[in-house]
Amino acid sequence: MSQFDNVSVIKKSNVYFDGKCVSHTVLLADGSRKTVGVILPSTLVFNTGAPEIMEVIGGRCRVRLAGSESWNEYGAGQSFDVPGNSSFTIETLENLDYVCHFA
């Protein structure tokens, strides 16, 4: 799916890590919430409350989930799951376009 139809968008952006990650919240008609954003090349640690699915739309990244020693690489068209009440380290190798789906 290349677009979301019939949504509301929160106008104020979510800016993290001194502007290295910027997203907007999208509210769907079914009540679900997503964020659509960009992460600039960097290595960042994100904490989660709810479980998330990070969908890579463009770019490449390496990800290490909390408690894991291994890194996994993801590119456009791929996604990874992050448990709730956890964290992950992401190293973006180039500008990364993503959609975060919240459970």
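Visitor: What should I know before we start?
Guide: This is a predicted model, where local features need pLDDT of at least 70, side-chain atom pairs count only at pLDDT 80 or more, and totals for chains, interfaces and linings use all residues. Residues are numbered from 1 along each chain as its sequence is written, and side-chain values use heavy atoms, with hydrogens and water left out.

Visitor: How many aromatic pairs are in the whole structure?
Guide: A search finds 4. Rings of Phe, Tyr and Trp (its six-membered ring) pair if their centres lie within 6.5 Å; planes under 30 degrees apart are stacked, over 60 edge-to-face, and the rest tilted.

Visitor: What kind of pair do phenylalanine 17 and phenylalanine 46 make?
Guide: Their centres are 5.1 Å apart and their planes are at 80°, so the pair is edge-to-face. Phenylalanine 17 is in the loop between β2 (14–16) and β3 (21–28) and phenylalanine 46 is in strand β5 (residues 42–47), so the pair ties together parts 29 residues apart in sequence. Strands here are DSSP runs of E, at least two residues, numbered from the N terminus.

Visitor: And phenylalanine 46 with phenylalanine 88?
Guide: That pair is stacked, because the ring centres are 5.4 Å apart and the planes are at 15°. Phenylalanine 88 belongs to strand β10 (residues 87–92), 42 residues away from phenylalanine 46.

Visitor: Which residues are in the ring cluster?
Guide: Ring pairs link Phe17, Phe46, Tyr74, Phe80 and Phe88.

Visitor: Is phenylalanine 46 buried or exposed?
Guide: Buried, at 16% relative accessibility, and phenylalanine 88 is buried as well. Phenylalanine 17, at 32%, is partly exposed. Buried means under 20% relative accessible area, exposed over 50%, and partly exposed in between (1.4 Å probe, protein chains only).

Visitor: Where is cysteine 61?
Guide: Cysteine 61 is in strand β7 (residues 60–65), and at 0% relative accessibility this residue is buried. Leaving out residues up to four places away in sequence, its contacts (heavy atoms within 4.5 Å) include Tyr74 and Phe80.

Visitor: Changing topic, what is the volume of the largest pocket?
Guide: About 250 Å³. On a 1 Å grid over the protein atoms alone, a pocket is an open set of points where a 1.4 Å probe fits, with protein on both sides within 12 Å along at least five of seven lines; lining residues have an atom within 4 Å of a point. Volume is the space filled by probe spheres set on the points, which are joined across faces, edges and corners.

Visitor: Which lining residues are closest to its centre?
Guide: Of 18 lining residues, the closest are Tyr16, Thr35, Phe46, Glu52 and Phe102.

Visitor: And the second largest pocket?
Guide: That one holds about 160 Å³. Its lining includes Met1, Phe4, Val36 and His101, and the elements giving two or more residues are β6 and β11.

Visitor: What is phi at phenylalanine 17?
Guide: About 55°, a positive value although the residue is not a glycine. Most residues other than glycine have a negative phi. Aspartate 18 also has a positive phi, near 55°, and lies in the loop between β2 and β3. Aspartate 18 is exposed, with a relative accessible area of 81%.

Key:
Helices (H or I, at least four residues) and strands (E, at least two) are DSSP runs, numbered from the N terminus.
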